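Here's a quick walk through one protein model. Have the sequence and the coordinates open as you read.

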Amino acid sequence: MEKIDSFVAWVVALTEQYPVIAKYMTTVSRWVFVVLAVYILVRTIASLLSTRPTPEVWGYLYVENGVSEPITHWENLIGRSRSADINIPLNTISKNHCLLARRGDEWLLKDLGSTNGTAVNGVRLVPDKRYIISPGDEINLGGVKCILASISIEESRNNEELRRLDKEPISPWKPMLAITLFQFLTVIQLIISMGTKVPGMAVLSFLLLCVLMWVYVFVFRRLRRKGYELEMIAFFMSTISLAITTSSAPTTTFKQFMAIVIGMALFIFMCIYLRDLDRTKRIRPILLILSVLLLVFNLIFGTIKYGAANWVYIGGISFQPSELVKLAFICIGAGTLEELFERRNLYTYAAFSLFCLGCLAVMGDFGTALIFFVTFLVVSFLRSGDFSRFALTSVGAGILGLMILRFKPYIASRFGAWGHVWEEAYVNDAGYQQTRTMSFGAGGGLLGIGAGNGDLKYLNAADTDLVFGMVMEEWGYVIAVLLVLCIVTFSLFAVNSIVAGRSSFYTIAACGAVTMFTFQTMLNVFGSVDLFPLTGVTFPFVSAGGTSMMVSWAMLAYLKAADMRKDASLAIAGRRFELEE
């Protein structure tokens, strides 16, 4: 630590002795920041969205009319409906007739209460009950005979060849070098601007983040993993977060770094845990109970901060239980295709959602309640079937009514200033934060006035709820827009992953996670510039705050689990270490 403090003192002395050098370094750094940021994101985003996996064929279903239907998913809905994975357009087949699923080396068949029933080798199946079947078995679907067949050895080899021909993800080394240089210049810029106000622990935090990034990639490269675009984007955004924290509250930078470490540990743990669907399904009841206990604990011991009682203090450490519940909310909402047709699973998720929204209503946390509600609607849409569409819509309407009743006074005050913050009645009252955010943010221009040079940081919640304005002021419009583009990229990646998704669980979980990321970013960005009412939510990966950072990294695991590119996901067993799928 003494060496780091000496380095800071040396840089400060050098800039004081040669102010012209400091001036030119600052000017050059701002341009270099933008060039590096554009390079990092263009490389990673282009690779992430252009390298799509080739769907694998796991088997075939031969129908008696001579049609051969390839089985390309772990879970396949068979029926007359056009949305069915295996569409058999015959009147004797129900719209959602049965479910064919692959678990390891086993095939499972489940009749979904079809009108004309399902039989295997002449034995009629009991509706809604799993049956293990084998390739070669004759499946009778409402009088239509089908045969389940495995792929041939030649086809298996062809699949492997097609996978080898897929476009490889970019090598991580050049983006990592760019991020490392970006981190170094950030530290130099902070020291030039803030001098000895930058503590050694803050500089150490940047150094350790750099080391953590390189160690992470080296370790998983040794395990023959590829495709680190998601993590590179998260590292870039986390670097901005450390810079924002150092500028606004230098003594808490190391605490923010530790939140990144814990978040990455959760990310890796969740990626590995999500490999096994059955194991993931078993833990969901535990997550549900823990979430209920956390929210009840918050209701009893929560402390009001910024108008909402969503903070809990234990031993001098503060955290937001509702942020942790986000992880469980996504996991409980996601489900395998089989579970999507179970009413009990539907009722459980609907009741849990209603409970979460009710607790957030009592806490007065309007922003988080909106995020949960929008995520609930998206997940409900992805889960919906004939019966569930009605049930989930009814519950959604009830939740919305509860929110309106609970938040009516709160909404009135927020919406009263919305769109009028520059008017005399609001400019120094309800619109004070937004007018200052827009004023200081506009002063940043394209390149910003430099890390640590901004004045918005002296405003309450500048580094959390108003962080977009702080980024605009100190880093410029270009960096601020690129940060938003990072979140947009996550969303596009989740949509692309649906095509080759292994299971509806991974697809729904990824879409649920990006819904939270996207809507939370919208509330933060648009709220700070008066396009939305100011709701007081953080910008994922960027805002200061330990709980928000940890949960952002952990939620990234749901996206990583949906990455089906060859050897790109930690959530799929690889060649060097074989775990269950």
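What follows covers confidence, a surface patch and the cysteines.

The protein chain averages a pLDDT of 82, and 83% of the residues score at least 70.

The stretch to watch is residues 573–581, where pLDDT stays under 50. The model still gives that stretch 23 contacts beyond four places in sequence. Where pLDDT is low, the predicted coordinates should not be read in detail.

Which residues make the nonpolar surface patch? They are V296, L299, I300, F301 and V362, and together they cover about 450 Å². Helix α8, spanning residues 277–301, supplies the largest share of the patch, with 4 residues.

Take V296, which sits in helix α8.

How many disulfides does the model have? The count comes to 0, going by a cut-off of 2.5 Å between cysteine sulfur atoms.

C359 shows why on its own account: the closest cysteine sulfur belongs to C356 and lies 6.8 Å from the sulfur of C359, too far for a bond.

Is C359 buried or exposed? C359 is buried, because its relative accessibility is 4%. C331 also counts as buried, with a relative accessibility of 4%; the cut-off for buried is under 20%.

Terms used:
Residues are numbered from 1 along each chain as its sequence is written. This is a predicted model: local features need pLDDT of at least 70, side-chain atom pairs count only at pLDDT 80 or more; totals for chains, interfaces and linings use all residues. Side-chain values use heavy atoms; hydrogens and water are left out. pLDDT is the predictor's confidence in each residue, from 0 to 100. Contact means heavy atoms within 4.5 Å. Patches are made of residues with over 30% relative accessible area and no salt bridge: like charges are joined within 9 Å, nonpolar side chains (Val, Leu, Ile, Met, Phe, Trp, Tyr) within 5 Å. Accessible areas come from the Shrake-Rupley method with a 1.4 Å probe; for residues, only the protein chains shown count as cover. A salt bridge is a side-chain nitrogen of Lys or Arg within 4 Å of a carboxyl oxygen of Asp or Glu. Helices (H or I, at least four residues) and strands (E, at least two) are DSSP runs, numbered from the N terminus. Buried means under 20% relative accessible area, exposed over 50%, partly exposed in between (1.4 Å probe, protein chains only).
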